[in-house]
Amino acid sequence: MIEVSGLRKTYGDFAAVVGSEFEIDRGEIFGVVGPNGAGKTTTLKMLAGLIEPTAGTATVAGYDAGDPEMRHQLGFLPEESPLYEDMTARSYLRFFADLYDVPRDVASDRIESTLDRLELEYRDRRLGDVSKGMKRKVAIARSLVNDPDVLIYDEPASGLDPLTTNSVLEFTEELREEDKTVVFSAHNLYHVESVCDRVVIMNEGRIIARGSVAEIREEHGDTTYHVYSDIDLPETELTADGRHRAVVETMADVEELQDAAKAAGGSVTDIRTDEPSLESIFLELTGQQMPSPRTATGTDAASEAGGDDAEPMPDASEEPPSQPEGPQ
Ligand SMILES: Nc1ncnc2c1ncn2[C@@H]1O[C@H](COP(=O)(O)OP(=O)(O)OP(=O)(O)O)[C@@H](O)[C@H]1O
């Protein structure tokens, strides 16, 4: 569904993206992760045809990224998605559906069912008066008004309260069930771990790891084994709950412990594996810390309830350039 080859973007002497290569299958949720400045947004914008690559190619649904025909197959959610605050969710989405020439009755059904699935209340409330989480959901609904096959979401759940974050991630998974292809960038590795089929980890413009989370774990992370025995051994320590435990890194070490326990007249009673989190692998690969899920999701619950965190009125020109121009 998406093919990227030798994709590169430079600004003067600075390379924001350096020769990316990847393919994304139809119906896949594909994560692009990395620290600030890694090149995630630049990559996504090149896929969406919003930034012209300096070199290389990106094709989406068989079209070159940037081909106007491709836009009909694509829904793009920018990292910041200021909306027309004087419109309601319904009127805003109808407006975009009209711009995409979606027949009125089809648009109404699609908009209502999308808003139902996103559990969006206050559909007739002024967008300037709704919470950040609701605005994000409206922006997500906007990405679907033309029923595209490919969704490119830049940090879809960033800065949302945990409840809204879960609802957005679950919604993303539902899109996969409809055979839509979703590419999303994230700071928060928990988001990636929970929904992505495959990921690329970027750092300083380069892809430094790729694959399913399990594959990345296998290739870059060290699994440790927690071995519990019913007898004290030189390798074991006493845990808080009074058990003898050794922490080792290979199965050969586990077998040695089993032999040692047996030789001492005891036995190994339990073996648990401790898999490294994507977060710790990421830290090792990039040397950079990612925000914890708690920090990254933020706490927007109050604003979700009260809707008193209205963002400043955006200029209409701040609308993402991938979408048709709005009312001025
Ligand atoms: N128009 C531009 N001119 C010059 N440099 C740019 C431009 N756009 C992006 N960059 C630089 O390219 C690098 C990659 O930026 P990008 O926005 O793609 O990173 P990112 O991984 O999305 O980061 P973040 O998580 O902070 O959004 C950054 O160092 C950024 O400063």
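Modeller: The crossing of α2 and α4 is right-handed. This is a predicted model, in which local features need pLDDT of at least 70 and side-chain atom pairs count only at pLDDT 80 or more, while totals for chains, interfaces and linings use all residues. Residues are numbered from 1 along each chain as its sequence is written.

Biologist: What makes the crossing of α2 and α4 right-handed?

Modeller: A crossing is right-handed if the near helix is turned clockwise from the far one by less than a right angle, and left-handed if anticlockwise. The crossing of α2 and α4 is of the right-handed kind.

Biologist: Why is α2 called roughly parallel to α4?

Modeller: Helix α2 (residues 89–99) and helix α4 (residues 132–142) pack at an angle of about 25°. Angles under 35 degrees count as roughly parallel, so α2 is roughly parallel to α4. Their axes, lines fitted to C-alpha atoms over the stretch in contact, are 10 Å apart.

Biologist: Which residues of α2 and α4 meet?

Modeller: In α2, A89, Y92, L93 and F96 meet V138, A141 and R142 of α4; contact requires C-beta atoms, placed from the backbone, within 7 Å. These residues divide into six nonpolar, no polar and one charged. Asp, Glu, Lys and Arg count as charged, Ala, Val, Leu, Ile, Met, Phe, Trp, Tyr, Cys and Pro as nonpolar, and the others, Gly among them, as polar.

Biologist: What surrounds the ligand?

Modeller: The surrounding residues include Y11, F14, K40 and H187; a residue is near a molecule if its C-beta atom, placed from the backbone, lies within 6 Å of it. The largest share of this shell, three residues, comes from α1.

Definitions and conventions: Helices (H or I, at least four residues) and strands (E, at least two) are DSSP runs, numbered from the N terminus. Axes are lines fitted to C-alpha atoms, for helices over the stretch in contact, and angles run from 0 to 180 degrees between N-to-C directions. Angles under 35 degrees count as roughly parallel, over 145 as roughly antiparallel, 65 to 115 as roughly perpendicular and the rest as oblique. Two residues are in contact if their C-beta atoms, placed from the backbone, lie within 7 Å.
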